[in-house]
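This report goes through selected local features of the structure shown below.

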Amino acid sequence: MENFFAPGRTELAGNHTDHQKGRVLASAVDKGIHAEVEPNFDNIVRIRSEGFEDMEINLFDLDVHPEEFGSSKALVRGVASAMFDLDARFGGFDAVLRSDLSSGSGLSSSAAFAVLIARIFNGLYNNNELEPKAIAQLAQQAENLHFGKPCGLMDQLACALGKTVYVDFLTGDIQPVSADFSRMGLTLCLTDTGGSHAGLDTSYARIPADMRYIASFFGKEVLGQVDPAAFFSKKWDTTDRPVRRAKHFFDENERVPKMRDALIAGNGEEYMRLMNESGRSSEKLLTNIVTSVTDDRKLENGLELSSKLLDGVGAWRVHGGGFAGCVQALMPSDYFDHYKTEMERSFGEGSCRELKLN
């Protein structure tokens, strides 16, 4: 029996910048998915996990199955397919999983699961020869093609590296970052507002599509390849959604290294100021809070309540893809109990939890 683990992740800065070859600041957290695994000779993956139906995936079939979009089965099949494309080895195994990451927790359970499967194949069949970045790319391919999620590489990279990192996807620069909010007297937390991600694929996909549309005016594929000065020199119609989303990208991309530097310097006041800038940019320019597809207002309500509780005290922002899910907040540690009590009064017991960065 062999043991494997993949941590969840939290996005600290860089909301919807990774898919445009932008900059991000992200961290693995102390919660994740544990697996006890034994290889088998059936070329079949069998997974048992408390609270979920048992899974069985035949690795002789690596085709995309649209009916499996959004499922764990799709991720197992997708990672195996990505291993095949890479000429890496893979095979069957039997596993028992235990997870600290609930669906909708905002800690990217799908990326953590895909990274876990890639780590299992890597450990059982490749002598752990694949580097963390390759593991992340395998997981991303599985999410994009088999799981049906048009995500960038940030989530998978943070899970695979297992630490706090600054990443510039245009240059390929990856820098480990020393991150400890507690030494600044601050507490970081996530509140799951209870919104469902079901039916939001089109809303998520429209964001990179809008950004690529603006990039095409400059003969580029993504906004990370566009000179910001060239973008800001044009007279755009600022009521146009793709234009607003492009402006968010350039502003956020400039903000990420500043948040990295404030974090390294232990400057909590500056970090929270920039974090609030990031949050307001997502709300007003990126507009990934409410979608007409579902008209789910839980995330919006969570941000509004956080504003009332933290204005002048701390910082709050949408976490991750948006449209549903979680509010990320940072505040003086002696204020956290009050914030947690009020958020859980609205969103349920256990909905607000402190995050510890790896």
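Asn127 is found in the loop between helix 2 and helix 3. The model is predicted, and in it phi of Asn127 is near 55°, a positive value in a residue other than glycine. Asn127 is exposed, with a relative accessible area of 61%.

A second residue of this kind is Lys21, where phi is near 55°, again positive in a residue other than glycine. Lys21 sits in the loop that joins strand 1 (2-13) to strand 2 (23-39). The relative accessibility of Lys21 is 36%, and Lys21 therefore counts as partly exposed, since that class lies between the limits of 20% and 50%.

Side chains of opposite charge can pair when their charged atoms come close. In this model the count of salt bridges comes to 25. Asp61 is partly exposed at a relative accessible area of 25%, whereas Arg77 is buried at 6%.

Arg89 and Glu129 form another salt bridge, with an N to O distance of 4.0 Å. Here too the pair links distant parts of the chain, and the two residues are 40 residues apart. Arg89 lies in the loop between helix 1 and strand 5 (93-99), and Glu129 in the loop between helix 2 (109-125) and helix 3 (132-147). The loop that holds Glu129 is also the location of Asn127. Which class of exposure does Glu129 fall into? With a relative accessibility of 51%, Glu129 counts as exposed, because the exposed class begins over 50%. Arg89, at 43%, counts as partly exposed.

The salt bridge of Glu252 with Arg255 has its closest N and O atoms 2.8 Å apart. Both residues lie in helix 7 (residues 241-265), and they are three residues apart, about one turn of the helix. Glu252 is buried, with a relative accessibility of 1%, and Arg255 is buried as well, at 8%. Salt bridges that share partners join Glu252 and Arg255 with Glu270, Arg273 and Glu277 into one network.

## Cysteines

A disulfide is a covalent bond between the sulfur atoms of two cysteines. How many disulfides does the model contain? The count comes to zero. Cys352 is in no disulfide, and the nearest cysteine sulfur, that of Cys189, is 4.0 Å away.

Is Cys352 buried or exposed? Its relative accessibility is 1%, so Cys352 counts as buried, the limit for that class being under 20%. Cys159 is also buried, with a relative accessibility of 0%.

Terms used
Residues are numbered from 1 along each chain as its sequence is written. This is a predicted model: local features need pLDDT of at least 70, side-chain atom pairs count only at pLDDT 80 or more; totals for chains, interfaces and linings use all residues. Side-chain values use heavy atoms; hydrogens and water are left out. A salt bridge is a side-chain nitrogen of Lys or Arg within 4 Å of a carboxyl oxygen of Asp or Glu. Buried means under 20% relative accessible area, exposed over 50%, partly exposed in between (1.4 Å probe, protein chains only). Helices (H or I, at least four residues) and strands (E, at least two) are DSSP runs, numbered from the N terminus. A disulfide is a pair of cysteine sulfur atoms within 2.5 Å.
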